[in-house]
Structures are given as structure tokens and as C-alpha cells.
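Reader: Hi, I have a structure to get through today. Can we go over it together?

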Amino acid sequence: MAEAGTDAPPPLLSTTAALYLDFDGTLADIALHPDAVVVSEPLPELLLALRERLAGAVAVVTGRRLAAVDAMIAPARLAGSGLHGAELRADGDSPAETSADPAGAGPLARALRERFADDPRVYVEDKGAAVSLHYRQAPEREQECRDAMRALAPPGRFDVTEGSRVVEARPRGADKGAALAALARQPPFAGRRPVFVGDDVTDEDGFRTAERLGGYGVKVGPGPTAARYRIAEVGRVHDWLHESLAALERERAP
Ligand SMILES: [Mg+2]
């Protein structure tokens with residue numbers, strides 16, 4: 001076993017893997033505005049082919065709402081978790097179950113919009129149960145954005161996380177590790193080796209949980225991490241997935 005946090009590239013996926021994928025910064029490059037993210041054309045088909053080879057065990061684990069990811073990777077619709085764990089669905093055909101008040105972040109989103117009404121570069125994304133404050137276009141306001149979120153988010157109801165050019169309030173207790181663990185208890189994920197791939201601070205819970213359950217994490221991009229392996233960027237994630245798919249197909253060929 002490699003040391004935690006090394007720069008070792010991940011091995012190709014084995015037939016017994018269950019794959020848990022973050023979306024922004026992992027499957028798609030981050031854009032200046034979250035609505036401007038572009039999904040590469042072959043991605044939906046790649047995800048569907050992997051899901052077939054892994055007996056259905058491919059999930060997206062994201063801070064977005066699952067419906068937002070569904071729209072971007074259509075016609076693929078995967079099992080997964082949205083809003084950092086507050087939404088969960090064990091297969092792509094079921095509706096997502098939400099463990100948090102679906103409109104609970106509305107007042108916080110309104111307060112943040114009021115606070116940054118002077119600056120259209122600061123974007124408040126109201127996700128219903130969670131809210132993200134994006135300042136990618138106004139990096140010099142980072143500290144102000146972080147301070148405002150911490151000041152305005154009621155601490156009994158939200159956990160605040162600072163990500164890459166974003167600060168997010170998610171329902172208290174929801175995290176990607178708990179989401180992975182919940183999915184891993186259910187078919188088709190149960191009994192498979194979890195592989196969690198992500199790029200940001202909130203993915204660290206996923207890396208640790210994957211390791212605890214006998215699998216491993218793959219960190220995308222630079223920075224300290226609990227993941228066992230690392231991939232440099234989104235394009236290389238796609239390469240790794242394509243190579244894994246080819247190997248899985250060879251393995252199944254007569
Ligand atoms: Mg991400």
C-alpha cells in the first residue's frame with residue numbers, strides 16, 4: 001500500500017470496484033460561473049459504459065443538487081448523492097431522498113445576496129437545502145465572503161466549508177463520507193471496493209471513508225490530501241476512466 005497523500009497514479013479500476021465521483025473539478029473543469037460548466041461530449045457515454053461493467057456501481061457525489069448533474073450528463077442518470085450528502089439515491093431511476101429541509105437555505109441565500117448586492121461578480125447559488133457563495137470572479141473578496149458566510153449561517157443548522165473560490169453552507173452533519181457509507185450499504189454498491197475521486201476540501205471525508213471501507217481515494221489536482229493516489233487534472237481523470245473501461249472490457253472478453 002502506498003503512503004497516504006503520495007503523488008502515485010491510481011491503478012486501473014478492477015471489476016470489484018464501486019466508483020464514487022465528484023463532479024465539478026473532477027469530471028468537468030470548473031468555470032467562472034457554475035452554470036457555465038461544459039461537459040465533454042463523450043462523458044455521458046463513458047459513465048454509462050463504466051456503470052455497465054461495474055454492475056451498476058457508479059455514483060456521483062456532489063455539492064450540487066443531483067438534478068443539476070442529471071441535466072449536465074444526460075442521458076446518463078446515475079445513483080449518487082447531492083448537496084454534500086443531504087440528497088441520496090441508490091439508483092438513477094429512483095427519486096432522490098432529501099434528509100434536510102428542501103428550502104432551508106433560502107433565508108441565508110437572501111441575506112448573502114443583500115450583503116453582496118454591490119458586486120455582480122459574487123454569485124449566491126441557492127440550492128434549496130444548501131447555499132454556495134462563489135467569488136471566482138472576485139478573488140480579492142475571498143476573506144469578506146468567508147467571513148460573511150460564517151457570520152450569517154446559523155451554526156446549529158449549517159456546516160461551513162471553504163472550497164476552491166467558493167464558501168459553502170451545507171445542512172449540519174451532511175458530508176460526502178456519510179454519503180459514501182450510506183450508498184455502500186446498498187446494492188449494487190454493497191460488497192464492492194469503494195474508489196472515491198474528488199478535487200476539493202469536502203472530498204476529503206469521502207477519501208477517508210473509502211479507505212476505512214477497504215478502498216481508496218484519488219485526489220484530483222494539487223494540495224494536501226488523505227487520498228492514496230493523485231491525478232493532475234480533469235482531462236487525465238477522463239483518460240484514466242477510458243483506460244479502466246478498456247481494461248474491464250478486455251477482462252470480460254472471451
Ligand atoms: Mg469538486
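Author: One term first: a residue is buried if 20 or more other C-beta atoms lie within 10 Å of its own, exposed if 12 or fewer, and partly exposed in between, with C-beta atoms placed from the backbone. Helices (H or I, at least four residues) and strands (E, at least two) are DSSP runs, numbered from the N terminus. This is a predicted model: local features need pLDDT of at least 70, side-chain atom pairs count only at pLDDT 80 or more, and totals for chains, interfaces and linings use all residues. Residues are numbered from 1 along each chain as its sequence is written.

Reader: Okay. Which residues of strand E3 are buried, and on which side?

Author: E3 spans residues 79-82. Ala79 and Ser81 are buried on one side, Gly80 and Gly82 on the other. Both faces of the strand are covered.

Reader: How does E2 run relative to E3, parallel or antiparallel?

Author: Parallel, with three bridges joining E2 (residues 58-61) to E3. Two strands pair if DSSP finds at least two bridges between them. Val60 has Gly80 in E3 as its bridge partner. Between E2 and E3 the chain passes through helix H2 (residues 66-73), and this β-α-β crossover is right-handed. That term means that, with the strands pointing away from the viewer, the path from the first strand over the helix to the second runs clockwise.

Reader: And E4?

Author: E4 (residues 87-89) is antiparallel to E3, again with three bridges. Glu87 in E4 is the bridge partner of Gly82.

Reader: What's the strand order in the eight-strand sheet?

Author: E5-E4-E3-E2-E1-E10-E11-E12, an open sheet with mixed pairing. Its edge strands are E5 (97-98) and E12 (229-231), and each pairs on one side only. E1 (residues 17-21) pairs with E2 in the parallel sense over three bridges. There, Leu19 has Val58 as its bridge partner in E2.

Reader: Back to H2. Why does Ala67 count as partly exposed?

Author: Ala67 is in helix H2. It counts as partly exposed because it has 13 C-beta neighbours inside 10 Å.

Reader: New topic. Which strands form the four-strand sheet?

Author: The order is E6-E7-E9-E8, in an open sheet with antiparallel pairing. E6 (123-126) and E8 (158-162) are the edge strands, each pairing on one side only. Neighbouring strands are turned by 15° against each other on average, direction ignored. Axes are lines fitted to C-alpha atoms, for helices over the stretch in contact, and angles run from 0 to 180 degrees between N-to-C directions.

Reader: How many bridges between E8 and E9?

Author: Five, in the antiparallel sense, with E9 covering residues 166-171. Asp159 has Arg170 in E9 as its bridge partner.

Reader: Which strands does helix H4 lie across?

Author: H4 (residues 142-152) lies across E7, E8 and E9, running at about 15° to E9.

Reader: Last one. Where are the domain bounds?

Author: Domain 1 is 17-98 + 174-252, and domain 2 is 106-171. These bounds come from an automatic or database domain assignment. The C-alpha centres of the two domains lie 25 Å apart. The contact takes 16 residues from domain 1 and 17 residues from domain 2. Two residues are in contact if their C-beta atoms, placed from the backbone, lie within 7 Å.
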